[in-house]
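Here is a short report for a first look at this structure. Keep the sequence and the 3D view at hand as you read.

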Amino acid sequence: MARFTFKLPDIGEGISEAEIVAWHVAVGDRVEEDQQLADMMTDKATVEMESPVAGIVVELAGEVGDQVSIGAALVIIETDAVEGEGAIEPSAETVADVAPGDLPEEAKAEEVEEQIEAETPGAEAVDSTQMFVSSEVEKPAPASVSAVATTLDSSGQVKAPVAQARVLASPAVRARAADLGIDLSTVKSESDRIRHADLDAFLRYGSGQGYHAPHASRARPDEAVKVIGMRRRIAENMAASKRAIPHFTYVEEIDVTALEEMRADLNDNRGARPKLTLLPLLIVAICRTIPDFPMINARYDDEAGVVTRHGSVHLGMATQTPAGLMVPVIRDAQDLNVWQLASEIGRLAEAARTGKATSSELSGSTLTVTSLGPLGGIATTPVINRPEVAIIGPNKIVERPIFRGDDIVRAKLMNLSISCDHRVVDGWDAASYVQALRKYLETPVLLFAD
């Protein structure tokens, strides 16, 4: 039979390998042309791999988390196999396309159970309320509620079943018992079916074995989570940054009362333009101050021992997504006005969160801003986005009384953090740069002055 070897194609960016972050097929599965096979992750993005042929999967390159080289076999597909021929020996996890004679013990037990229930007089009747419950909800786990016990002889044939007591309960009662950690076989009932009233009585008067009060804390089982995909990329990048870069962080308090008042006025008169947050205004201030502090907008090549001070500000924007932290890039931020920045921030954040950001939108930043938004925090010590040399973090805005001359007034204050690479940026440089930012943020009319 002909076999088709699907090799991992060149995904671009000059990469030599990619990581398996998800399989959508298993050995023994039948796939159709253009069906999704796997998700592969490079340093910058996740790419979906689709099957160019139809057939049955006979071999996979590895497990989730493994690296596959470009050009190496990713999936091998039997292109002319027919389901049910038995030409493919499925793995232990494969349960599809198996002939009845090859059923595992658990599946045989279920088959016999169905036969016994169909032929045994007095079997459980299905009331009208259960007829509308989906089979997924109603189907019990074979080990806990099986109506029969089955054994197999040496030839694999099913021996005569031995009837066992079956716990009768509606799906809602089963779900409630599962949530409470109650074994239904320990609950007594005056009727032939366990009902909610029986659960209530068990909770009040029963032994309570296996039951935990809803408001009581209880231990959870340990969980081993494999670090793969985006989580592994983040771990590697953060570890490399802290290992290679001597960080220091400088924090300054800034009075943003006037800035917030101006932002409110701008939003009241924005028309169809996007609503402004603090971030676009901060970016304008960053771009206006960078020319006097070129060492902040730079990248350090460790191996070559070269610091490149960039003339354009390609601003990375740390964004939390369901997959983890991503940093989409606002290109040439210095050329955009506050409304254009707001629009670009929204577009890139949405692309990152939905997994639609392109590789070019996730690379090439020269300076990064990270903000926890409404979570804020009093002060942060951000980790530098290597190979950049600085990262800026605005913190939560709080209202506090301050002295202005002899008067005590209400003010909106915000701490601004900056972490720098001490190999490139001195403490004096960082402090001077933040003071320059402070001037623009505390006198916001300067943001729009020529």
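## An open sheet

An open sheet of 4 strands runs in the order β5-β4-β2-β7, with antiparallel pairing. β5 (46-50) and β7 (67-69) stand at its edges; each has a single partner strand, so one side of each lacks a neighbour in the sheet. On average, neighbouring strands of this sheet are turned by 40° against each other, direction ignored. Helix α6 (residues 229-244) packs on the sheet and touches β2 (17-23), β4 and β7. The direction of α6 makes about 140° with that of β2.

Strand β4 (residues 36-41) pairs with β5 in the antiparallel sense, over 5 bridges. Met40 stands opposite Val47 in β5. In general, strands of a sheet pair through backbone hydrogen bonds, either parallel or antiparallel.

## How to read the model

The model is predicted: local features need pLDDT of at least 70, side-chain atom pairs count only at pLDDT 80 or more, and totals for chains, interfaces and linings use all residues. Residues are numbered from 1 along each chain as its sequence is written, and side-chain values use heavy atoms, with hydrogens and water left out.

Helices (H or I, at least four residues) and strands (E, at least two) are DSSP runs, numbered from the N terminus. Two strands pair if DSSP finds at least two bridges between them. Axes are lines fitted to C-alpha atoms, for helices over the stretch in contact; angles run from 0 to 180 degrees between N-to-C directions. Contact means heavy atoms within 4.5 Å. Buried means under 20% relative accessible area, exposed over 50%, and partly exposed in between (1.4 Å probe, protein chains only).

## Ile286 and its contacts

Ile286 is found in helix α8 (residues 278-289). Its relative accessibility is 0%, so Ile286 counts as buried. Which residues does Ile286 contact, leaving aside its neighbours within four places in sequence? They are Leu367, Val369, Ile392, Tyr433 and Leu437. Ile286 and Leu315 are 29 residues apart in sequence and 9.6 Å apart in space, C-alpha to C-alpha.

## Rings and a charge

The count comes to 1 aromatic pair. Phe293 and Tyr433 form this edge-to-face pair, 5.4 Å centre to centre with 70° between the planes. Phe293 lies in the loop between α8 and β12 (298-301), and Tyr433 in helix α10 (residues 427-442), so the pair ties together parts that are 140 residues apart in sequence. Rings of Phe, Tyr and Trp (its six-membered ring) pair if their centres lie within 6.5 Å; planes under 30 degrees apart count as stacked, over 60 as edge-to-face and the rest as tilted.

The charged end of Arg273 sits over the ring of Trp339, 4.2 Å from its centre. This requires NZ of Lys or CZ of Arg within 6 Å of the ring centre and within 35 degrees of the ring normal.

In helix α4 (residues 171-180), Pro171, Val173, Arg174, Ala177 and Leu180 are buried. Just after α4, Gly181 takes a positive phi of about 75°. Asn267 is found in helix α7 (residues 257-268). Asn267 is buried, at 10% relative accessible area. Not counting residues up to four places away in sequence, Asn267 touches Lys275 and Leu276.

How many disulfides does the structure hold? There are 0 disulfides (pairs of cysteine sulfur atoms within 2.5 Å). Cys287 is buried, with a relative accessible area of 12%. Cys420 is buried too, at 0%.
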